[in-house]
Amino acid sequence: MKKLEYVGVLNFATVGLDGTPQIRCVSAIHYEPDKLYFFTAKGKDFCRELLEDGQVQILAYTRYKEMIRVSANAVPVAETEQKNYIDLIFQEQPYLENVYPGKTREIGIVFAIRDMQIEYFNLGVNPIFREQYLVGNGENKPKGYEITNHCIGCGTCVKGCPQRCIKPGNPYYIIQENCLHCGNCLEHCPVKAIRRL
């Protein structure tokens with residue numbers, strides 16, 4: 001969460017009301033250790049999309065080649081708490097006063113994200129490093145590949161792995177934290193012993 005705050009401007013992706021992908025940059029955010037709150041205007045399509053189904057993915061990319069992706073549902077903050085969070089976000093993000101001066105901030109609404117899956121992916125190290133975190137009641141969605149018991153130990157997957165994260169064993173196994181998820185092992189396994197998670 002701290003790394004997201006350091007990035008500042010985050011990319012929020014939603015599904016448009018017409019079913020098309022939508023993305024926008026958001027910086028009107030208040031961070032807490034295990035949740036975040038963000039402000040938008042009630043009249044924006046972004047707000048309507050969130051009120052329709054709440055699904056959002058947030059993406060941040062640091063100068064150190066780290067990617068952080070948050071998958072979650074955004075829910076409006078309780079009506080009794082809206083003013084407090086709006087004032088807090090405007091206090092922490094003073095530029096908003098230029099965008100919504102005076103009472104025009106009342107057109108805003110604050111959403112909360114409390115339950116999330118966070119994927120951390122660092123391309124700036126060798127081998128690459130990835131990890132998944134759950135916050136609150138976030139849902140774990142496994143990704144990547146695994147080698148099944150059909151493995152014959154030929155080593156074809158090891159030779160083709162760009163991150164050298166496949167190790168001998170019975171069966172061979174993938175070090176998931178270093179896996180690029182490129183699928184090269186799956187493509188080249190002569191006995192189809194690799195499956196997508």
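I count two strands as paired if DSSP finds at least two bridges between them. Strands (E, at least two residues) and helices (H or I, at least four) are DSSP runs, numbered from the N terminus. I am working on a predicted model, in which local features need pLDDT of at least 70, side-chain atom pairs count only at pLDDT 80 or more, and totals for chains, interfaces and linings use all residues. Residues are numbered from 1 along each chain as its sequence is written, and side-chain values use heavy atoms, with hydrogens and water left out.

I looked up the sheet that holds β3 and found an open one of four strands, ordered β3-β4-β8-β7, with antiparallel pairing. At its edges I find β3 (29-32) and β7 (75-76), each pairing on one side only. I then followed β3 to its partner β4 (residues 35-41); four bridges join them in the antiparallel sense. Across that pairing, Glu32 stands opposite Lys35 in β4.

Next I checked which helices lie on these strands. Helix α2 (residues 45-53) lies across β4, β7 and β8 (108-113), at about 130° to β4. Helix α3 (residues 79-92) lies across β3, β4, β7 and β8, and runs at about 100° to β3. For these angles, axes are lines fitted to C-alpha atoms, for helices over the stretch in contact, and the angle between N-to-C directions runs from 0 to 180 degrees.

**The six-stranded sheet**

I traced an open sheet of six strands in the order β2-β1-β5-β6-β9-β10, again read as antiparallel pairing. β2 (21-26) and β10 are the edge strands, each pairing on one side only. Direction ignored, neighbouring strands here are turned by 20° against each other on average. Inside the sheet I followed β5 and β6, which run antiparallel and are joined by seven bridges. In this pairing I noted Val56 opposite Ala72 in β6.

Helix α2 packs on this sheet too, touching β1 (10-15), β2, β5 and β6, with its direction at about 60° to that of β1. Contact here means heavy atoms within 4.5 Å.

**Helix α2**

Which residues of α2 are buried? I list Phe46, Cys47, Glu49 and Leu50. (Buried is under 20% relative accessible area, exposed is over 50%, and partly exposed is in between, with a 1.4 Å probe and protein chains only.) Seen down the helix axis, the buried residues of α2 fall within an arc of 160°, so they line one face of the helix; the arc is that of the directions from the axis to the C-beta atoms. I looked for what covers these residues and found that the cover includes β1, β2, β4, β5 and β8. Just after α2, Gly54 takes a positive phi of about 80°.

**Aromatic pairs**

I searched Phe, Tyr and Trp rings (six-membered ring for Trp) with centres within 6.5 Å; planes under 30 degrees apart count as stacked, over 60 as edge-to-face, the rest as tilted. The count comes to eight aromatic pairs. For Phe39 and Phe90 I read ring centres 5.2 Å apart and planes at 85°, so this pair is edge-to-face. The pair links distant parts of the chain, with Phe39 in strand β4 and Phe90 in helix α3, 51 residues apart. Phe39 is buried at 4% relative accessibility, and Phe90 is buried at 5%. I also noted a cluster in which ring pairs link Phe12, Phe38, Phe46 and Phe111.

**Backbone exceptions**

Most residues other than glycine have a negative phi, and most peptide bonds are trans. I therefore listed the departures from that pattern.

- The peptide bond from Asn126 to Pro127 is cis, with omega near 0°; Pro127 is in the loop between β9 (116-122) and β10 (129-135).
- The peptide bond from Asn170 to Pro171 is cis, with omega near 5°; Pro171 lies in the loop between β12 (166-167) and β13 (173-174).
- Lys65 has a positive phi near 70°; it sits in the loop between β5 (55-61) and β6 (66-73) and is partly exposed at 42%.
- His181 has a positive phi of about 65°; it is in the loop between β13 and α6 (184-188) and is partly exposed at 22%.

**Thr20**

Last, I looked up Thr20, in the loop between β1 and β2. Thr20 is partly exposed at 31% relative accessibility. Not counting residues up to four places away in sequence, Thr20 touches Thr14 and Val15. I also found a polar contact of 2.6 Å between the side chains of Thr20 and Asp18. (A polar contact is a pair of N or O atoms within 3.5 Å; within protein, one must be able to donate a hydrogen and the other to accept it, and residues adjacent in sequence count only if both atoms are side-chain atoms.)
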